[in-house]
Number of protein chains: 2
Amino acid sequence: MDVPCCTALNPIRETKVNDGERLTFEKSMLQPAVAMKVGVLFSGGPAPGGHAFLYGLGKALFEIHDKIELLGFLEGAKGLIGCNFMKLDMKTLAAYESLGGFHLLGTSRKKIEDPDDFAKIEEVILKLGLSAIVFVGGDDTHTNAYHLGKYLEKKMLPTTIVAAPKTIDGDVKSQDIKQSFGFDTATRVYSELIGNLGTDLLSTKKYWHFVRLMGRKASHVTLECALQTEPNLALISEEVEREKMTLNSLVDHIVELVIERKKVKKPYGLVLIPEGLIEFIPEMKELLGELNRLLAAGKDAASLSEKSRAVFDLLPPAFQRELQSERDSHGNIGLSHIKTEELLKEIVMERLTREGQNGEISILGHFYGYEGRCSPPSDFDRIYCTNLGRVAAALVYHRKSLTVAALDRLEESPVNWQPVGAFMEKAMGVEMRSGKEKRVVQKALVDLKGKPFQHFASKRKQARLADRYSAPGPMQLGFFSKVQITKTLELELQ
Amino acid sequence: MDVPCCTALNPIRETKVNDGERLTFEKSMLQPAVAMKVGVLFSGGPAPGGHAFLYGLGKALFEIHDKIELLGFLEGAKGLIGCNFMKLDMKTLAAYESLGGFHLLGTSRKKIEDPDDFAKIEEVILKLGLSAIVFVGGDDTHTNAYHLGKYLEKKMLPTTIVAAPKTIDGDVKSQDIKQSFGFDTATRVYSELIGNLGTDLLSTKKYWHFVRLMGRKASHVTLECALQTEPNLALISEEVEREKMTLNSLVDHIVELVIERKKVKKPYGLVLIPEGLIEFIPEMKELLGELNRLLAAGKDAASLSEKSRAVFDLLPPAFQRELQSERDSHGNIGLSHIKTEELLKEIVMERLTREGQNGEISILGHFYGYEGRCSPPSDFDRIYCTNLGRVAAALVYHRKSLTVAALDRLEESPVNWQPVGAFMEKAMGVEMRSGKEKRVVQKALVDLKGKPFQHFASKRKQARLADRYSAPGPMQLGFFSKVQITKTLELELQ
């Protein structure tokens with residue numbers, strides 16, 4: 001079954017690029033074909049559709065010229081720096097096209113930061129004669145690609161740097177990039193599971209399910225899953241931050257809901273929690289910052305400021321210990337494995353017990369993350385990625401460096417999608433990294449004024465007491481003629 | 001889209017029942033139709049296909065006579081005892097037919113045990129004039145149904161008692177009952193997720209995923225998921241018990257695998273753990289028994305025997321606390337919420353650290369249970385349940401009390417499936433319940449000499465070091481012409 005392709009790039013050699021705020025494509029005269037070598041790599045956590053992207057990229061490049069070589073660097077930037085790659089042919093790409101994961105090439109979180117890394121990549125480019133490198137990754141990867149592109153410009157090397165927007169978190173997003181790939185699939189997998197929990201509640205009328213969802217920096221995943229499944233409560237980190245909520249007020253909020261539902265004989269419910277929640281609670285952020293500095297100085301929680309001490313004292317002992325022992329590779333508190341759902345569960349249960357309201361209430365925690373990021377791609381992600389691959393091929397062919405492959409008019413049928421080259425420059429901002437200012441691609445957080453959040457907010461009061469749980473069921477594949485988009489995208493494109 | 005039906009029951013009124021070791025059906029002369037009232041109820045945890053069963057039952061009954069009434073008792077035996085029911089019509093049944101969950105009628109774990117319960121049900125039967133009651137449930141429910149049937153026989157009441165084999169655990173199983181409904185769907189949902197974790201490992205080459213799977217008393221679910229996804233290790237409780245493994249030897253087993261894989265540069269892996277594992281470790285069983293008796297007598301772990309004390313000391317402190325605080329409704333240690341995957345994770349990590357082998361190793365725990373038991377039914381479960389409903393209707397119509405609706409020849413196309421009435425009597429055994437002998441339906445454990453386990457055992461050595469992870473992907477629905485059965489069933493029916 002052939003994945004439908006946007007016609008504006010069909011065939012690629014007849015496509016003309018128009019400059020402006022972003023690059024778009026239109027059919028034009030046949031361009032001369034050239035033989036060239038193109039590198040591609042995956043970076044960061046896997047996202048469904050990665051292999052379809054490679055397939056789309058390869059297919060388009062080989063259409064341009066059968067002498068074009070596509071080199072896949074192994075394990076992300078490690079492979080690029082170490083000149084470790086495999087030559088990709090259509091037979092291999094076709095065999096992997098519909099599979100989840102990034103295992104054809106592997107991936108890593110290796111960054112391109114040290115001057116040494118840049119020098120080594122320069123060597124590899126010269127040694128192999130690379131015309132272009134395509135980076136498949138999220139904001140960090142785009143930042144790396146941007147700085148590499150700038151470095152190559154300075155060195156007068158004509159290698160084109162192109163990126164593809166990958167992340168299940170959905171936070172690589174802009175006017176030009178409507179959605180990152182993988183977001184569609186991951187939220188469908190999570191929504192299948194959350195929806196099933198909702199059905200369980202309707203059937204058994206017991207348990208509170210506290211579901212934590214992957215996505216540390218932004219709550220797009222939680223918002224989309226809430227739109228798909230209509231839980232009784234979904235916490236959105238960006239709102240928690242805006243409202244300057246405290247851990248206590250957050251717990252109040254949940255306890256109130258539990259008691260309210262219990263009063264109407266519903267000792268059960270469904271709560272969605274974004275993975276990064278605690279970092280968005282201002283007082284927790286402060287506490288974590290202080291703790292990081294103390295631990296780095298060989299001290300411990302005993303030396304906390306009075307204010308942070310009070311917050312620390314609210315935490316169950318197991319979490320207090322965890323905060324002081326788990327560290328990530330940067331020496332910071334390892335927040336990615338902090339079980340926020342268990343933290344909230346413990347504090348909420350303690351509070352309910354204190355108020356004599358714990359009867360009939362039993363809370364179960366869940367975390368959905370890895371299960372979704374390596375799923376086979378949804379129809380949308382499969383078609384989207386194949387076409388993103390074609391766009392990337394066109395950007396490479398037209399030597400448009402420092403661009404991100406994107407597609408517009410996603411509300412229409414895939415054949416009408418509009419290929420776009422988004423300028424990396426437009427997404428750059430300045431952030432503090434390791435104590436220094438650095439130009440980085442900025443993550444797109446949930447826009448609290450945007451239609452998806454507004455729609456969610458307009459419905460959530462009803463969802464508290466009514467059991468509106470919606471169960472989308474398992475993702476159905478291969479229905480290319482009626483491709484569904486996420487609720488978020490649907491609302492945004494209205 | 002119409003679900004295919006086994007032709008032997010098509011139409012039901014032309015079907016003749018043949019007695020023997022079990023009841024089978026063949027076409028015969030038209031039987032006279034009678035108007036009657038039939039009750040039906042769900043009992044215990046939900047399983048995918050419950051609504052399809054109701055649909056099949058209702059459709060067949062209304063075919064027999066349009067004056068037949070089908071009454072759905074609400075919240076299991078509670079509704080039967082309290083005479084709380086809803087009249088079911090085809091419009092309602094059709095609307096729910098393909099949905100997961102048990103929410104049309106609700107369910108509960110209420111047992112029929114007190115003499116008072118029997119008397120109240122007798123009253124309800126007389127008041128409503130019930131010709132039959134159909135119990136949809138697992139072994140406990142079948143036990144209740146059996147004792148109710150016997151009670152009614154003694155009282156000379158002609159109400160027919162029929163059961164349907166429901167449980168995602170797969171442990172209602174016999175020569176006549178090839179598979180319980182829900183098992184097919186739940187194992188597909190879990191295998192989707194486990195398969196995705198396998199793909200993640202291939203892509204990122206990090207983390208050990210310890211996955212605990214629902215099913216406390218038997219390991220059918222874990223075995224089926226292992227057959228579908230080929231993890232590096234799957235623990236089967238029945239084997240752990242047969243081999244008289246200790247907690248220590250189990251941990252040795254896992255630690256050995258972790259180190260072995262690390263040596264070949266694979267600091268990652270996938271382990272499946274049946275929910276009930278710790279109760280199958282003989283020394284743990286002993287410890288739990290002792291603890292139960294001590295706690296009931298107001299004592300604590302300090303009074304344990306020397307042997308059990310040694311086992312207790314192996315447990316991480318958090319679990320020691322949990323074992324002494326969590327209790328279920330019978331006052332026993334609440335094992336269902338014990339996170340065995342976290343327990344093993346902690347002990348394994350501690351051991352690895354002690355042996356200086358913890359570098360690069362990070363273990364993540366998962367539990368899959370509720371997500372699968374309320375999924376929309378797989379094609380198999382949907383067709384199977386619709387047909388089980390028809391079989392139940394035939395058993396009711398032919399007044400065959402104390403039988404379980406079943407289907408044979410499942411390896412063939414659904415139209416060729418053989419309807420069967422299994423005699424409850426054959427499944428009865430004697431067990432100690434609350435210190436007294438009771439006749440109960442016995443759970444079918446994994447047969448270590450059976451083909452599914454033997455097949456698994458023959459492949460598992462290879463699976464340790466090779467990364468054979470198989471990812472079945474999301475369940476695809478509506479392909480009635482090529483219905484898949486579980487690997488377990490496939491091997492058993494060979």
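1. Basis. In this predicted model, local features need pLDDT of at least 70 and side-chain atom pairs count only at pLDDT 80 or more, while totals for chains, interfaces and linings use all residues. Residues are numbered from 1 along each chain as its sequence is written, chains are lettered from A in the order in which they are written, and side-chain values use heavy atoms, without hydrogens and water.

2. Extent of the interface. Chain B places 43 residues in contact (heavy atoms within 4.5 Å) with 43 residues of chain A. The two chains bury about 3200 Å² between them, with 57% of it on carbon and sulfur atoms; buried area is the accessible area (1.4 Å probe) that two parts lose on being put together, summed over both. Within chain B, the residues that lose the most area to chain A are S203(B), Y370(B) and E371(B), together 18% of what that side buries.

3. Salt bridges. Four salt bridges cross the interface of chain B and chain A, where the rule requires a side-chain nitrogen of Lys or Arg within 4 Å of a carboxyl oxygen of Asp or Glu. K339(A) and E342(B) meet in a salt bridge through their side chains, at 3.2 Å from N to O.

4. Strands of chain A. Strand β8 (207-213) of chain A pairs with β11(A) in the parallel sense over six bridges, pairing requiring at least two DSSP bridges. Here W208(A) stands opposite I363(A).

Definitions and conventions. Helix = DSSP H or I, 4+ residues; strand = E, 2+ residues; numbered from the N terminus.
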